[in-house]
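Reader: I would like to go through some backbone and ligand features one at a time. Please show the model, then take my questions in order.

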Amino acid sequence: MSEFPIKRLRRLRYNATVRDMVRETSLSKDDFIYPLFAVPGENIRKEIKSMPGVFQMSIDVLVKECVEVEALGIPAVILFGIPSHKDEKGSEAYDDNGIIQKAVRAIKKATKRLLVITDVCLCEYTSHGHCGLLHGEEILNDETLELLAAEALSHAKAGADIIAPSDMMDGRIAAIRKILDDNGFYKIPVLSYAVKYASGFYGPFRDAAESAPAFGDRKSHQMDPANSDEALREAQSDIDEGADIIMVKPGMPYLDVIRRLKDNFNLPIAAYQVSGEYAMIKAAAGNGWLDEERVMIESLTAIKRAGADMILTYFAKDAANYLDRQK
Ligand code: PBG
């Protein structure tokens with residue numbers, strides 16, 4: 001092995017052309033999935049306080065947004081719904097005329113190749129804000145599976161292209177795969193939120209989706225942030241149950257977990273740069289403490305470098321515009 005002065009690592013950094021040539025990771029618009037929030041009503045575009053630049057939108061506005069997102073060259077959106085009515089069983093989640101089902105039909109009609117991914121969970125639809133049926137304060141697992149499966153089927157019937165369960169109940173991938181296959185939707189992939197941590201970084205999302213739990217927390221089903229071996233077990237079980245893509249969430253605080261999944265499993269890995277990650281960058285940039293565009297690109301590049309094949313990010317449009325300007 002040669003050493004200094006023969007070896008000089010700066011040789012490959014001296015100018016932009018060389019740096020471009022040796023760059024190991026590059027972002028593409030194809031990497032991005034853009035999260036959107038659907039609300040009942042008309043002509044509504046309400047900014048979420050803790051997420052500047054992110055809006056709750058009524059379906060008419062959402063459709064226009066999706067047309068724009070498609071024109072920008074972003075391949076996919078993921079939809080979250082705020083129902084007009086919440087109850088103990090989260091009924092609107094699996095109602096064929098629920099907010100998401102209507103939104104999916106409208107978006108699919110107005111766009112050509114945009115992939116519409118739907119988040120499957122009950123927390124946005126239950127009056128108590130928990131991800132499943134309750135017995136006292138316990139979140140029931142097996143009884144919830146049936147409802148999640150019904151929700152997934154209802155999304156598929158509305159035209160969803162990919163189903164993304166985020167609830168973290170045990171056995172939900174198998175239950176969803178089975179109901180989809182039994183009903184002829186064997187072509188619809190399941191993007192599993194396989195490794196989802198019980199994270200404080202979801203705070204702003206719960207404003208956006210109006211889904212904060214009325215009591216307690218999600219620690220009995222989401223993962224402990226201290227664990228990483230367990231992430232491999234979670235991913236393995238979802239793969240065994242039929243997941244096509246596995247997700248790690250949040251993103252930047254869990255880059256080590258993304259890398260472990262990438263090294264251990266041979267299937268596409270998604271990462272979710274969540275609401276709190278977005279809010280931190282926006283808030284610091286808003287105060288003039290960080291260069292927003294630079295940190296946006298750096299954070300997305302880091303997530304991709306860690307091993308993510310695709311990134312769910314509220315920056316999708318800004319990052320796509322940035323990449324267009326680099327051409
Ligand atoms: C559950 C769900 C959550 C997020 C995505 N799906 C919230 C939660 O688990 O409490 C969080 C996404 C984000 O913070 O951006 N339906």
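Reader: Where is the place of N43?

Author: N43 sits in the loop between β1 (32-39) and β2 (45-48). Helices (H or I, at least four residues) and strands (E, at least two) are DSSP runs, numbered from the N terminus. The model is predicted: local features need pLDDT of at least 70, side-chain atom pairs count only at pLDDT 80 or more, and totals for chains, interfaces and linings use all residues. Residues are numbered from 1 along each chain as its sequence is written, and side-chain values use heavy atoms, with hydrogens and water left out.

Reader: What is phi of N43 near?

Author: Most residues other than glycine have a negative phi. For N43, phi is near 55°, a positive value in a residue other than glycine. M168, in the loop between β8 (162-165) and α5 (172-182), has a positive phi near 65°.

Reader: Is N43 buried or exposed? And M168, buried or exposed?

Author: Buried means under 20% relative accessible area, exposed over 50%, and partly exposed in between (1.4 Å probe, protein chains only). N43 counts as exposed because its relative accessibility is 65%. M168 has a relative accessible area of 4%, so M168 is buried.

Reader: Which residues come nearest to the ligand?

Author: A residue is near a molecule if one of its heavy atoms lies within 4 Å of it. There are 18 residues around the ligand, and K196, R206, K249, S275 and Y314 come nearest.

Reader: How many residues of each class does the shell have?

Author: Ala, Val, Leu, Ile, Met, Phe, Trp, Tyr, Cys and Pro count as nonpolar, Asp, Glu, Lys and Arg as charged, and the others, Gly among them, as polar. The shell has 9 nonpolar, 3 polar and 6 charged residues.

Reader: What lies 2.6 Å from an oxygen atom of the ligand?

Author: A polar contact is a pair of N or O atoms within 3.5 Å. A polar side-chain atom of Y314 lies 2.6 Å from a ligand oxygen. For K196, the distance from a polar side-chain atom to a ligand oxygen is 2.7 Å, and for S275 it is 2.7 Å.

Terms used: A polar contact is a pair of N or O atoms within 3.5 Å; within protein, one must be able to donate a hydrogen and the other to accept it, and residues adjacent in sequence count only if both atoms are side-chain atoms.
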